[in-house]
Amino acid sequence: MEATEQYCKGFGVSQIRIFSHYGYRFHRYSHPFGSDRMPHVLSLLGLHKYRAILGWSYTVIPDFAASEPADTLPAISYETELHSGRGDLPNIEITVKRHDEKIASTLVWSAGHTCRAGEAQSMFKIMWFYVSDEANRGQRLGSFMIQRLLWEAKKAGYQHASTGAATGNHRANLLYYNTGFETVDTNYTYFK
């Protein structure tokens, strides 16, 4: 590591980021950072005074069950669209509106988008999960959207769900954990 750092300093580099934005493409979710399942690498970084500056928690629900959620939120409507993608099963987008104003949306891709393995074809990944503003939060809208998403995904043929969120995004992580997602990996970007 010392030799690499000296080599970089020769080009005027004064800061080094390891496992930075979008990480290495071949592992699980297409773009993770440095996995906590590589303790030897992370220990080496720690010994050389690198520090974690961004964490990302990856979660899954293997073999999820789903039932159609009750439509109990006042004055909302939702629209589900299926889009063909690079996986065997469709990508799914759900848009939630209140009085014709978009207040939330979510998009999932088949894990087959980045992995051709057979077992990846029955898993989806939540690519984004968006609630428009603070006024629409705390009304069980996120919970409704996750339940609707699981229901629509089950109907489309998915068996496994996955997502990720920054370790500091407590609202998102709590929503996922309360829905039944479990952490399978935590990744970090390191900086010196």
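**Strands, burial and charge in a predicted model**

Reader: Which residue in β8 is the bridge partner of Trp-56?

Author: Strands (E, at least two residues) and helices (H or I, at least four residues) are DSSP runs numbered from the N terminus, and two strands pair if DSSP finds at least two bridges between them. Strand β8 (residues 160-166) runs antiparallel to β3, with six bridges joining them. In β8, the bridge partner of Trp-56 is Ala-166.

Reader: What kind of model is this?

Author: Residues are numbered from 1 along each chain as its sequence is written, and side-chain values use heavy atoms, with hydrogens and water left out. Local features need pLDDT of at least 70, side-chain atom pairs count only at pLDDT 80 or more, and totals for chains, interfaces and linings use all residues, since the model is predicted.

Reader: Is Glu-5 buried or exposed?

Author: Glu-5 is placed in helix α1 (residues 2-9). The word buried stands for under 20% relative accessible area, exposed for over 50% and partly exposed for in between (1.4 Å probe, protein chains only). Because its relative accessible area is 10%, Glu-5 is buried.

Reader: Which residues is Glu-5 in contact with, leaving aside its neighbours within four places in sequence?

Author: Contact here means heavy atoms within 4.5 Å. With those neighbours left aside, Glu-5 is in contact with Ile-16, His-48, Tyr-50 and Lys-192.

Reader: How many disulfides does a search of the whole structure find?

Author: A disulfide is a covalent bond between the sulfur atoms of two cysteines. The search takes a pair of cysteine sulfur atoms within 2.5 Å as a disulfide. Cys-8 is partly exposed at 22% relative accessible area, and Cys-115 is partly exposed at 32%. In the whole structure, the number of disulfides found is zero.

Reader: How many Å apart are the mean positions of the positive and negative charges?

Author: Lys and Arg count as positive and Asp and Glu as negative, with His and the chain ends not counted. Each charge is placed at NZ of Lys, CZ of Arg, CG of Asp or CD of Glu. For the 20 positive and 18 negative charges of the protein chain, the mean positions are apart by 7 Å.
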